[in-house]
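Hello,

Here is the structure for you to look over. My notes follow below it.

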Amino acid sequence: MVGKLIKHEAIRTRGMLATVFGAATLLAVMGALLAATQWPVVAQFGLVVSVLGAVGVVPATQLALAFDYWQTGYRRIGYFTQTLPVKGSTIYWAKLAWGTLVVVASVALALLLGAITFMGNAGSLGHAPLDLFSMVGQWWTDMAAVMPWWGWMAAPPALLLLATFNLLQYYFAASVGSEKRFGSLGLGGPVLVWFVLYVVLQIVLIGFMLIPIGLGVEGGALALVSENYLAMVLDGADPATVPIGFLPGFLVAAAVLVWRTVVSWNGKVSLV
Amino acid sequence: MTGNAIEVRGLTKTYGSLSALDALDLSLPYGQVVGLLGENGCGKTTLLKVLAGLLQDHEGSVEIAGAPLGPESKARVSFLPDVSFLPDGARVAYCLDLYGDFFADFDRARAEDLIGFFGLERSMRLGQMSKGMREKVQIALAMSRKARVYLLDEPISGVDPAARDVIVQGILRNLREDSLLLISTHLVHDLEPVLDGVVMMRHGKVLLTGQVDDLRARHNKSIDQLFKEVYSWSAN
């Protein structure tokens, strides 16, 4: 059943995703071409447009998926979705799995559009377009020199979590914001829940960030180091390491968001 | 598991301070076409939505098609809401695939027969159809499931009188005799000839229920006349 759910998620959203991906690609390519002219004003406008395409594709994709999730779960099409003979949480997992795949694809597209943006703007930055490959190669070599084995293991799931965390928030807000107490607010319900969630998450994640664990270079390799970030913040000092205490915070928050959204799907559905 | 198609006890559903369903009790057996009657806002749609599993925030006990509300009941209950519930961009052929994939009791041949009966093409997109045409597609899909209980919410409202007759014929065309068909409507006159029983509601409660023939004989009037009389009583 999950396979069929994902199949129909793909069929239903493909037009919408093609529009988002196509628009972002068009912006990045057109902007890069304008930037490549190096004409005053035109090139600067091109830079802005191409960066908008490259940077905007991931959040635009996430928002589009979230709107579709709300529409198909709790609005008109929800009258079909919520009568399917499966547990509500099964539908949620299918939507989340498809959404994750799409977000990963959007990140890959964003990297590609970023490369196009760089190439278009390379002249203005004092580079040749193909310098990109040597720069990426150098960055990769430097990274490989300092990255320990556990770093290679931890990086993919951490990056995946960061990439999909917005989706978890949006889906949570759409589900909880469509429950009985918010039912009369329409789109206002999810927006209100998202806003409250955003404020709460900022406080929680800042709290986690003060956990004295960071990423620094020790003995020529990346290593977990202990650093009292709270004291540094209070002293106004700049840390020489990257605080990563927020990562457990993200994990805990993600688990809570998923759990509460599952509760909503399984027992709190209330279509208007 | 009871022998009834629908067994509801003390069903209450509120919207803020308003009781849409007020400790409602209802038992309906299989093998009937039952009209769920009442004026706008009396709780008909809310009752059907609860029975279809779309309103989980209710109180009271509900058993439908021999199962409590959940995936098992949804597998045995076919619901037609009073909204267009399929994507506008979908073609009729895709809707058939959709139902075939998700409902084990979906009979595609029956659906194609109904689509043909309604004079629709499989290649048509829902977004290009009139309200009446979309309603026909949705009825063809809902009625082509071999369900134990069919819940139809206002299937003939908003369409012209000629189309109403065709829709009613389509609904009954392949109906299983051992199933329950519960149709909400305020267009009593159009549905009266096909009804075996009625449930009349007001203010979230059942006002009157019974077999159509018994009610006609007892009150010596048509159901349409009785409907008007019942609501004139309750209004006073």
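Between domain 1 and domain 2 of chain A in this predicted model, about 2600 Å² is buried, with carbon and sulfur atoms giving 72% of that area. On the domain 1 side, Trp70(A), Tyr74(A) and Tyr92(A) supply 25% of the area buried against domain 2 of chain A, more than any other three residues. The two domains come from the domain assignment of chain A, which puts domain 1 at 1-145 and domain 2 at 147-272. Their C-alpha centres are 21 Å apart. In terms of contacts, 30 residues of domain 1 of chain A meet 26 residues of domain 2 of chain A.

What polar links cross this domain interface? Eleven residue pairs are in polar contact between domain 1 and domain 2 of chain A, both residues of each pair being at pLDDT 80 or more. The count of salt bridges between domain 1 and domain 2 of chain A is zero. On the side of domain 1 that touches domain 2, the elements of chain A that give two or more residues are helix H2 (42-74), helix H3 (78-81), helix H4 (88-125) and helix H5 (131-146). H4(A) gives the most to that side, with twelve residues. By class, the domain 1 side has 18 nonpolar, nine polar and three charged residues.

Now the chain as a whole. Chain A has nine helices and three strands. Read from the N terminus, its elements run α-α-α-α-α-α-α-β-β-α-β-α. The C-alpha trace of chain A spans about 60 × 50 × 35 Å along its principal axes.

The UniProt record for chain A, an unreviewed entry, annotates "transmembrane region" at residues 45-67, 96-119, 149-172, 192-215 and 240-259. Two of these can be set against the model. Residues 149-172 of chain A are 100% helix and 0% strand, and the end C-alpha atoms of this span lie 34 Å apart. Residues 240-259 of chain A are 70% helix and 10% strand, with 36 Å between the end C-alpha atoms.

Next, the interface with chain B. Chain A and chain B bury about 2400 Å² between them, of which carbon and sulfur atoms give 62%. Here 28 residues of chain A are in contact with 28 residues of chain B. Which residues of chain A lose the most area to chain B? They are Arg76(A), Tyr79(A) and Phe80(A), which together make up 28% of what the chain A side buries.

Two salt bridges are found across the interface of chain A and chain B. Arg76(A) takes part in a salt bridge with Asp88(B), at 3.3 Å from N to O. There are also 17 residue pairs in polar contact between chain A and chain B, both residues at pLDDT 80 or more. Helix H1 (2-36), H3 and helix H9 (246-267) of chain A each supply at least two residues of the side that touches chain B. H1(A) gives the most to that side, with six residues. The chain A side divides into 13 nonpolar, eight polar and seven charged residues.

Last, the salt bridges in general. The count over all chains comes to 25. One of them joins Glu179(A) and Arg260(A), with the closest N and O atoms 3.0 Å apart. Glu179(A) lies in the loop between helix H6 (149-176) and helix H7 (188-209) of chain A, while Arg260(A) lies in helix H9 of chain A, so this pair ties together parts that are 81 residues apart in sequence.

Regards

Note on methods
Residues numbered from 1 in each chain as written. Chains lettered and ligands numbered in written order. Predicted model: local features only at pLDDT ≥ 70, side-chain atom pairs only at ≥ 80, totals over all residues. Heavy atoms only, no water. Domains from an automatic or database assignment. Contact = heavy atoms within 4.5 Å. Buried area = accessible area lost by both parts, 1.4 Å probe. Salt bridge = Lys/Arg side-chain N within 4 Å of Asp/Glu carboxyl O. Polar contact = N/O pair within 3.5 Å; in protein donor to acceptor, adjacent residues only side chain to side chain. Helix = DSSP H or I, 4+ residues; strand = E, 2+ residues; numbered from the N terminus. Nonpolar A, V, L, I, M, F, W, Y, C, P; charged D, E, K, R; others polar. UniProt positions renumbered as here; feature names shortened; annotations may be inferred.
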